[in-house]
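Work through the exercises below with the model open. Each task is followed by its solution.

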Amino acid sequence: MQEAIYTIVGIDELLSHVQALKGVGARFVQMHAERNVDDGSYRLVYTFINVRAAQEHIAQGGSYAIENLVVEGIDQYQEIPSISSYYPAVFPFENEAHDLFGLAITDMQIDFKGFFYQVSTAEPMSVITPEVKAAREKAMKVRAAAEAKARKTAAEKAAAAAAAAGEGAAGAAVAQPAAAAGSDAQHDEAAAKAALKAAEMEAKLAAMDPEKAAKVRAALAAKAARDKQKKEA
Amino acid sequence: MAHRSVIPFGPQHPVLPEPLHLDLVIEDDRVIEAIPQIGFVHRGLEKLTEKRDMHQFGYIAERICGICAVGHSCGYASACERMLDIEAPGRVQYIRTILHELSRIHSHLLWLGLLADAFGFEALFYRSWTLREQILKIFESTCGGRVILSINEIGGLKHDIEDSELAGIVQTLDAMRPDYEALVHTFLDDNSCGERLHGVGVISKKDALELSMVGPFGRASGVDYDVRMFGDGAYADLAAFEPIVATDGDCYARCQVRCAEVTQAMDIIKELVGKIPHDGIGGRTKLTPADGARGEVVIEQPRGEAYYYVRGNGTKNLDRFRVRTPTSQNLAGLTHALQGVLLANVPMIILTIDPCISCTER
């Protein structure tokens, strides 16, 4: 069986970790970059397999490990040292991270200086589209709504349990905060539902033709204004 | 003083119908340096996870390459299963392995044909591809497609392959063996083949390890590494598995390794068909990965170790899909193998590495 190990390392520790893996005879498997949609930072994952150690573990009935070094929170213009002096096979992946993500990798043994891939959009993998952002926000809202619902259910259960216990004044004292929690949960749920609806609409608009989206936005704003006027009247 | 010049090789070249460009720095008739260039047809498939959900993306992963299609589909499905923490039934793993090994046979036969074509042995080319055709017919009769099988899905298979059909596969392979042995005899023992392959493009074991070479390219230089030896999935149930290794590190050794791997794949299929369990074929599961959930696998594609990585973000789409194909890993070895060789041998060396630029340009 296979086991994945992820070790988070700082940029300044990367080369020493790679050197240590090379020292124990680990094979280089791959390196790739990832974009973190939430904060816009980048992550680099370097993968290795120590074949000899893997064979020993398997012979003893254990699992073999895929070892990953993860460098988190990289800024687009932060310099990352190349590991090509230890593992020359990394050069296509480092050039790829540069061309597709715009990462600044220094001292590559074979450096194509941005011409490894011929792309029509610069750094295409660094682009976060409105659709992706909207889908991500929607997923977060759905999660928040589910959590609010779970809180509400828990509060209702607690209130029901307290009422069933029939402990008089002491029981009522317990039920009051529970009821208050239930009211908070209802409010949370309503807010989460409204936010979810807004996020869904935003996702639809993002997928629309920009001109049509502008017209729909204007119509929605006008409707909101009419509703507000009616309420005030 | 020797005259130094740069000769462009590819991206269109009669020997290699794939968009690989090499700048060959030559001195007289000898290559001093080779700088590879890819990226002419980069398709941005990894970015497509934003548009296609996890299940839809299986079809795209399969289309990364027309030769390794089955492997890509199996690798992607396995990585997603690891991320979702689900295990496919034993029968699914067996059928995936059988199809993958069939795909290895078809890939190696295709390569043997191309090799024969490259040194002008047309009859050998026809014979290799005639045998390969039988594997494609097996695919067609069991899955409906000759190249893109679309049988895998996350958690299982779309349809079963009946035991009678599996027995038919073994019969076909058994019937192929005498013809295949005669073919191998010509490749390995014929003078005209040997002269073009012996001592050409030698890479030592030390260099192969240093350059992290994978697949038959690495094993021909003595690198004793084949992902199948880790015993993942159905490979765990094989009575024995030993990687096929040669030591000469030249074009002939690469041909030798691939020839032996075809026979090994036939044996694996026969053994697995005899042991296949009947515990169902699983099916599509409606699961959303947790935010930040990861899954990764390595598998042995016909051209070597391939790596698949998926990362979920709490939606039906993946945050990141990564595939590292064997050819991208072997590019460093390719440049090394070309250093110091005669210009006339460059096409032969490139061909024996069996580069798949389509895989690399995912």
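Helix axes here are lines fitted to C-alpha atoms over the stretch in contact, and angles run from 0 to 180 degrees between N-to-C directions. The model is predicted.

**Exercise 1. Helix packing in chain B**

Task: Find how H2(B) and H3(B) are oriented to each other, and which residues meet.

Solution: 
- Step 1. Take helix H2 (residues 69-84) of chain B and helix H3 (residues 90-118) of chain B. Their axes come within 8 Å and cross at roughly 150 degrees.
- Step 2. Apply the cut-off: angles over 145 degrees count as roughly antiparallel. H2(B) and H3(B) are therefore roughly antiparallel to each other.
- Step 3. Assign the hand: the crossing of H2(B) and H3(B) is left-handed.
- Step 4. List the contact. H2(B) supplies Val70(B), Gly71(B) and Cys74(B). From H3(B) come Arg96(B), Leu99(B), His100(B) and Ser103(B).
- Step 5. Sort these residues by class: 3 are nonpolar, 3 polar and 1 charged.

**Exercise 2. Fold pattern of chain A**

Task: How many helices and strands does chain A have, and in what pattern?

Solution: 
- Step 1. Count the elements: chain A has 6 helices and 6 strands.
- Step 2. Read along the sequence: the pattern is β-α-β-β-α-β-β-α-β-α-α-α.

**Exercise 3. Overall dimensions of chain A**

Task: Compare the radius of gyration of chain A with that of a compact globule.

Solution: 
- Step 1. For 233 residues, a compact globule would have a value near 17 Å.
- Step 2. Chain A has 27 Å.
- Step 3. Check burial: 26% of the 233 residues of chain A count as buried.

Note on methods. Residues are numbered from 1 along each chain as its sequence is written. Chains are lettered from A and ligands numbered from 1 in the order in which they are written. This is a predicted model: local features need pLDDT of at least 70, side-chain atom pairs count only at pLDDT 80 or more; totals for chains, interfaces and linings use all residues. Helices (H or I, at least four residues) and strands (E, at least two) are DSSP runs, numbered from the N terminus. Angles under 35 degrees count as roughly parallel, over 145 as roughly antiparallel, 65 to 115 as roughly perpendicular and the rest as oblique. A crossing is left-handed if the near helix is turned anticlockwise from the far one by less than a right angle, and right-handed if clockwise. Two residues are in contact if their C-beta atoms, placed from the backbone, lie within 7 Å. Ala, Val, Leu, Ile, Met, Phe, Trp, Tyr, Cys and Pro count as nonpolar, Asp, Glu, Lys and Arg as charged, and the others, Gly among them, as polar. The radius of gyration is taken over C-alpha atoms; the globule rule is 2.2 Å times the number of residues to the power 0.38. A residue is buried if 20 or more other C-beta atoms lie within 10 Å of its own, exposed if 12 or fewer, and partly exposed in between; C-beta atoms are placed from the backbone.
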